[in-house]
Amino acid sequence: MGAMAAPPDVIALLTDFGLKDHYVGVMKGVILGVNRNARIIDISHDIPTQGILDAYFLLSNTYSYFPEGTIFVAVVDPGVGTDRSIIAVQTGKHTFLAPDNGLLGFLEKDDAIRRIVQIKNRKYFLEPLSNTFHGRDIFAPVAGHLSLGTDLSLLGPEIGRMEKIAAPAPKVTREGVIVGEIVSVDHFGNLVTNIPGSRFAGSDTVEVRFGKHVIGRLATSYAEGKKGQILALVGSTGNLEISVNQGNARKKTGAKVGDGVRVVHRDK
Amino acid sequence: MGAMAAPPDVIALLTDFGLKDHYVGVMKGVILGVNRNARIIDISHDIPTQGILDAYFLLSNTYSYFPEGTIFVAVVDPGVGTDRSIIAVQTGKHTFLAPDNGLLGFLEKDDAIRRIVQIKNRKYFLEPLSNTFHGRDIFAPVAGHLSLGTDLSLLGPEIGRMEKIAAPAPKVTREGVIVGEIVSVDHFGNLVTNIPGSRFAGSDTVEVRFGKHVIGRLATSYAEGKKGQILALVGSTGNLEISVNQGNARKKTGAKVGDGVRVVHRDK
Amino acid sequence: MGAMAAPPDVIALLTDFGLKDHYVGVMKGVILGVNRNARIIDISHDIPTQGILDAYFLLSNTYSYFPEGTIFVAVVDPGVGTDRSIIAVQTGKHTFLAPDNGLLGFLEKDDAIRRIVQIKNRKYFLEPLSNTFHGRDIFAPVAGHLSLGTDLSLLGPEIGRMEKIAAPAPKVTREGVIVGEIVSVDHFGNLVTNIPGSRFAGSDTVEVRFGKHVIGRLATSYAEGKKGQILALVGSTGNLEISVNQGNARKKTGAKVGDGVRVVHRDK
């Protein structure tokens with residue numbers, strides 16, 4: 001990094017800690033204790049408890065919008081206190097801290113990884129080190145030090161690979177049907193699938209099927225059609241979404257994460 | 001603005017996006033990508049879905065407490081992706097970005113508007129521009145540029161007026177009864193009306209009636225009267241509120257937004 | 001504080017205001033209006049309504065992790081608008097603002113108090129001063145001024161003591177049984193007690209009893225034992241916690257704040 005580059009002082013937090021307890025606030029206190037100039041941003045703290053895949057999808061839709069040098073701290077960590085590792089992953093633009101439990105697997109898919117380091121140097125941890133709150137005792141102080149420019153190589157040994165998680169991927173049948181599933185349901189009740197819009201972009205002969213519903217054409221905005229109508233469209237993540245005009249698709253359809261969705265060419 | 005004036009780097013966000021998804025975090029990432037020194041403040045992200053009037057009342061109670069130069073970004077936008085406009089409104093002290101759907105109508109009432117600009121210059125938008133998440137693709141980068149000092153005139157043409165919304169206003173009957181309604185219910189269950197306290201200030205002969213309740217006098221704090229007693233007082237917004245001492249007026253009375261409230265002189 | 005010391009510009013907020021209304025956002029606007037360089041951190045705004053003891057325990061587990069000079073603003077204030085005082089308490093490292101209702105009592109236990117000042121100087125308040133929202137009208141502007149370096153002595157008279165609150169403390173019976181209780185339940189359903197782990201540290205002959213449950217040994221992490229197993233361990237606050245491996249102890253046991261917990265030597 002050149003002498004005039006901005007310091008990597010943006011730290012973006014993603015956890016399943018919720019906001020009612022002191023957990024997130026304490027992490028921020030520890031970060032500011034290491035680097036008072038850190039710019040701390042909350043991505044979300046409402047990941048479902050131990051929802052590694054939820055964090056995987058959410059962060060994969062988020063990170064590219066953050067400035068170069070951003071340090072992402074993702075703590076969804078059912079294995080805290082066991083022998084699971086904590087890793088730092090460096091890409092061309094960003095640094096990611098997370099438990100080595102597959103949460104960062106999307107980076108492999110995006111082919112962006114430059115270096116993976118196992119965080120082991122207790123010099124950068126809080127003492128005493130608890131077995132139950134590594135967000136406070138490891139993630140926060142390490143993020144603080146990274147935001148001061150500490151090189152990853154000081155934090156622990158480079159390792160060749162990280163743990164994988166089985167993230168559901170869409171498949172294409174022999175007949176050309178794209179078979180995917182709902183991977184998240186947002187605040188508005190929109191059902192977000194794992195089917196990239198690029199798979200059927202430009203086609204005006206596709207229809208979307210899920211449960212007992214058949215959606216005959218793709219919409220281009222949530223406000224299309226009549227009030228209460230079920231819509232299929234390529235949403236802001238770039239993936240296929242099921243939505244309801246001025247309504248809530250989760251409530252209207254009862255669909256949930258894991259439910260199948262198919263994109264079919266109408267003449268098949 | 002003089003050479004020594006503080007840069008307009010405070011950006012205050014108000015949305016109906018909730019906090020569980022990546023939406024708000026992504027907006028902040030985009031803002032910091034444009035202006036790393038922006039000071040981003042959350043007003044609320046829990047506006048009821050598509051609750052334009054809720055945002056109208058909340059922001060009208062908020063903006064005057066923010067420092068000069070603050071840029072308010074209010075995204076409650078059921079029309080995203082349609083031909084609705086996005087506008088920037090400049091007052092003597094602040095700048096407001098919102099969909100042109102009436103959300104900023106309180107500024108007309110407050111007689112504070114200097115300039116209204118329709119945001120059209122795609123140079124300040126993200127590319128590709130989605131149809132479903134203008135918070136990320138338009139509001140955030142435009143706010144970032146405004147916080148760097150970009151003049152409104154570069155964002156699009158000045159327009160003469162903005163869309164209106166029918167915000168409920170109190171009326172006075174021939175007999176001098178003030179007829180208003182509940183326009184919001186806060187976290188504590190306080191029922192906030194649209195009746196300004198200035199309408200009956202100083203009078204000690206008024207009583208407040210709503211539903212089957214008659215409140216014979218005005219309290220001056222939430223702790224007045226007995227535990228569980230229903231109180232009427234002029235709250236921190238300057239408007240009449242119904243409250244319960246150490247309790248929750250919404251739960252105790254079952255009242256909700258839209259319910260009528262009357263202020264009556266006792267001798268009538 | 002020496003000439004080169006960092007300004008005390010970190011302000012950490014703890015309230016029972018919730019996040020849906022404008023209350024917290026307005027406080028931040030007022031703070032930035034006084035000191036645009038303040039670094040505002042949220043500890044939590046989801047303290048149960050009027051839960052002074054909840055705030056007491058949460059803040060006592062939090063403050064030591066914040067940098068020197070941090071100004072804590074704790075507004076859980078059922079007495080707002082009455083003759084209750086607002087106090088500022090200075091310790092060797094931090095400053096605390098709160099209503100004088102016992103919320104800061106943990107500081108006496110920690111033997112850390114240097115000075116207590118009653119906040120009375122209206123020069124530092126907003127005008128007009130409401131009876132219902134001192135968070136906005138007193139706490140926020142006073143915190144802003146403190147973050148600029150204003151000395152406590154300018155805010156009001158020094159007083160000798162603050163109000164106390166009866167915080168439940170663990171007792172030891174003649175037989176050596178430690179009798180405590182659950183003082184908070186976190187986002188994950190962990191049941192946090194008021195029994196310090198130091199009371200039984202190193203002993204491998206203790207068992208934990210609560211309700212109809214007997215936990216025969218102490219775990220060292222949440223992931224110990226089998227899925228769904230009830231665990232007792234010393235949590236990140238340093239106190240005894242009841243937890244469930246990959247589960248939710250509150251839901252599994254039905255336990256709640258105030259329920260008794262005993263630590264017994266197995267041979268007794």
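This section describes a phenylalanine in chain B, a helix pair in chain C and the domains of chain A. The model is predicted.

B:Phe66 sits in a loop of chain B, between helix 2 (52-60) and strand 3 (71-75). Its relative accessibility is 2%. B:Phe66 therefore counts as buried, the cut-off being under 20%. B:Phe200 lies 134 residues from B:Phe66 along the chain, and 28 Å separate their C-alpha atoms.

C:Val26 also takes part in a helix contact within chain C. Helix 1 (residues 23-34) and helix 4 (residues 134-147) of chain C have axes that come within 8 Å. They cross at roughly 40°, and the crossing is right-handed. Helix 1 of chain C contributes C:Val26, C:Met27, C:Val30, C:Ile31 and C:Val34. Helix 4 of chain C supplies C:Gly135, C:Arg136, C:Phe139, C:Ala140, C:Pro141, C:Gly144 and C:His145. By class, eight residues of this contact are nonpolar, three are polar and one is charged.

Chain A is assigned domain 1 (10-154) and domain 2 (171-265). The centres of these two domains of chain A, taken over C-alpha atoms, are 32 Å apart.

Methods: Residues are numbered from 1 along each chain as its sequence is written. Chains are lettered from A and ligands numbered from 1 in the order in which they are written. This is a predicted model: local features need pLDDT of at least 70, side-chain atom pairs count only at pLDDT 80 or more; totals for chains, interfaces and linings use all residues. Side-chain values use heavy atoms; hydrogens and water are left out. Helices (H or I, at least four residues) and strands (E, at least two) are DSSP runs, numbered from the N terminus. Buried means under 20% relative accessible area, exposed over 50%, partly exposed in between (1.4 Å probe, protein chains only). Axes are lines fitted to C-alpha atoms, for helices over the stretch in contact, and angles run from 0 to 180 degrees between N-to-C directions. A crossing is left-handed if the near helix is turned anticlockwise from the far one by less than a right angle, and right-handed if clockwise. Contact means heavy atoms within 4.5 Å. Ala, Val, Leu, Ile, Met, Phe, Trp, Tyr, Cys and Pro count as nonpolar, Asp, Glu, Lys and Arg as charged, and the others, Gly among them, as polar. Domain bounds come from an automatic or database domain assignment.
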